[in-house]
Amino acid sequence: MPIQIFNSLTRQKEAFAPLDPAGKRVLFYACGPTVYGKFHIGNARTFVMTDVVRRWLVKRGHDVQFAMNITDVDDKIIRKANDEGVASEVIAARYTDYFLSMLERLGNMGGVIHPKATQHIPQMVTMIADLVARGHAYATPDGSVWFEVGSFRDYGKLSRMPLDEMKQGERVDAAQQQLKRSPLDFALWKGAKEGEPSWPSPWGNGRPGWHIECSSMSMEALHSQTIDIHSGGSDLRFPHHENEIAQSECATGKRFARYWMHMGMLDIEGMKMSKSLGNVKNIDEVMEFIDPLILRYFFMSAKYGDKIDYTESTIHQCQSAMERMITADQSARRILGTDSPTDWNSDEELQATWNEFAAGMDDDFNSPRALAAIAKSVTLLNTRIANENDKASIARATALLAELREALGISGELVRKNTGGLGDEEIESLIAQRTQAKKDRNFTLADQIRKDLLGKGVQLEDSRTGTIWKRV
RNA sequence: GGUACGGUACCCAAGUGGUUAAGGGAGAGGUCUGCAAAACCUCUAUUCAUCGGUUCGAAUCCGAUCCGUACCUCCA
């Protein structure tokens, strides 16, 4: 049973079959950020869910060529640079670094091809020239080049916007509108203005429009005029992706992307995130007090295409679920000691859980179903710990849980801040005192030590194999 | 106005024509424990916004109504 993908272009689930005749290699392009400022939790959701998709394709044996562009020339970057009185490259470089470190903290896989717009200007110019030559684009006296939407019969096939209706909502920019043949036409090349970065072109100095870079760089980075999967936030469906399709398919005469995937938006406490509401949450501020693992769990708790609501209550729920998962793993590993988790394939109960997980992920990357399967594997593991003395059985269940978590990128432990200034040795020493007190049946002292430690953020648990502790 | 999407238990959330409507969180009871914690077991939707219709059979399909949301303009 192949992976099913909900294709935004056809609005239905389709069996995924890559272009590669061998069915192995997958060309995957995701729209990346414009690097002009910090990123918010909604951005993070899109990038994490994209990583979840990529991980599963890899897990299913595909050789995934994954590219995510970085838009490093743009109006917003220029404005920010002017505000700070620095070159726009300074701004772009700063937030590119910031972006890459954010992805790492969020637990995304590395090995991403990150093409930058400023490093692909010649390729874009070539594509624009092709479009002009083919009669799909025209230059205007200001040195700009526009894509003529009316020249592409299929325009609107992705967003399904009837062209007549769209003209009414078009933003009015008097100077630009006068130059264009139709209000819908969009910029491929923007004639240079004073104080802006620019590059030479057959139409004079200027810089690329926003959409052209994705068309050009996806083909360049993935070495193909047709790519398998193209993803991005659902707000990019129109006009960005619609325009990408138009210019790409007109330039090459070939189908641009075969499967379109769109990530749903994130609300805050039921409200759309917006500057005017003042509820934009920067991802680094959020990660100050919410562990990235919990965030990933939260993002995956709804299907990638659906809207998700960030609320304190939901985050707490995700934290509890994540802690249960981690506690089970820790308990198991204490019992196993130096023994390693082992292959679980021969274990029917575990095999069935894996099958549920895989069935969920194969079904359009249904992460909530996958998380349900993980919860099942946690219960199985805990049950074996509680009722069995069979290390081999526990080792197999531990291995499965680890594999499932890795498949979603939620391995590892929660990062705890050090509290109360207590070092590990100090804590261990107090625990030893308490253990002795318990032997002496001095429960008053034992309970006092436990209470003191809890006050300093260290929680004790007496397990079968001794007292364990964790920072809370 | 146009184009879409959604309304499933206290909360989050699967399920989209057919055995008892996944799973998590929270809550209740029980087991274990010196006590806690953790863990395990049991329980918590005769019902899927409302009203009609199609069907042997619908949360799932069709129609209407109510509510909520997004996109149409930079946006993950």
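At the start of helix H14, a side-chain oxygen of Asp390 comes to within 3.1 Å of the backbone nitrogen of Ala392. This pair is a polar contact, meaning two N or O atoms within 3.5 Å; within protein, one must be able to donate a hydrogen and the other to accept it, and residues adjacent in sequence count only if both atoms are side-chain atoms. The structure is a predicted model, in which local features need pLDDT of at least 70 and side-chain atom pairs count only at pLDDT 80 or more, while totals for chains, interfaces and linings use all residues. Residues are numbered from 1 along each chain as its sequence is written, chains are lettered from A and ligands numbered from 1 in the order in which they are written, and side-chain values use heavy atoms, with hydrogens and water left out.

**Helix H14**

Helices (H or I, at least four residues) and strands (E, at least two) are DSSP runs, numbered from the N terminus. H14 covers residues 391-408, and its 18 residues reach 26 Å from the first C-alpha to the last, close to the 26 Å expected at 1.5 Å a residue. The expected span is 1.5 Å times one less than the number of residues. Among the residues of H14 that are buried are Ile394, Ala397, Leu401, Leu404 and Leu408. Buried means under 20% relative accessible area, exposed over 50%, and partly exposed in between (1.4 Å probe, protein chains only). In general, an α-helix has 3.6 residues a turn, so residues three or four places apart point the same way. The buried residues of H14 pack against H1, helix H10 (292-300), H11, H12 and H13; contact here means heavy atoms within 4.5 Å. After H14 comes Gly409, which has a positive phi near 80 degrees.

**The chain as a whole**

Chain A contains 16 helices and 15 strands. Its C-alpha atoms fill a box of roughly 95 × 50 × 35 Å along the principal axes. Of its 472 residues, 50% count as buried. Among contacts between residues at least 6 apart in sequence, 75% join residues at least 24 apart. The domain assignment gives domain 1 (19-263), domain 2 (308-408) and domain 3 (424-471); such bounds come from an automatic or database assignment. The C-alpha centres of domain 1 and domain 3 are 57 Å apart.

| Residue (side-chain polar atom) | Atom of RNA strand B | Distance |
|---|---|---|
| Asn43 | sugar or linking oxygen | 3.0 Å |
| Arg450 | base oxygen | 2.4 Å |

The elements that give two or more residues to this surface include helix H1 (41-59), helix H13 (367-387) and helix H16 (443-455). H13 gives the most, with eight residues.

**Backbone features**

Most residues other than glycine have a negative phi, and most peptide bonds are trans. Asp364, which is not a glycine, has a positive phi of about 60 degrees. Asp364 lies in the loop between helix H12 (348-362) and H13 and is buried, with a relative accessible area of 12%. Arg441, also not a glycine, has a positive phi of about 55 degrees. Arg441 is in the loop between H15 and H16 and counts as exposed at 62% relative accessibility. The peptide bond from Phe238 to Pro239 is cis, with omega near 0 degrees, and Pro239 is placed in helix H8 (residues 237-252).

**Tyr259**

Is Tyr259 buried or exposed? Tyr259, in strand E10 (residues 257-263), is buried, with a relative accessible area of 5%. Not counting residues up to four places away in sequence, Tyr259 touches several residues, including Ile5, Phe16 and His230. A polar atom of the Tyr259 side chain is 3.2 Å from the backbone oxygen of Ala15.
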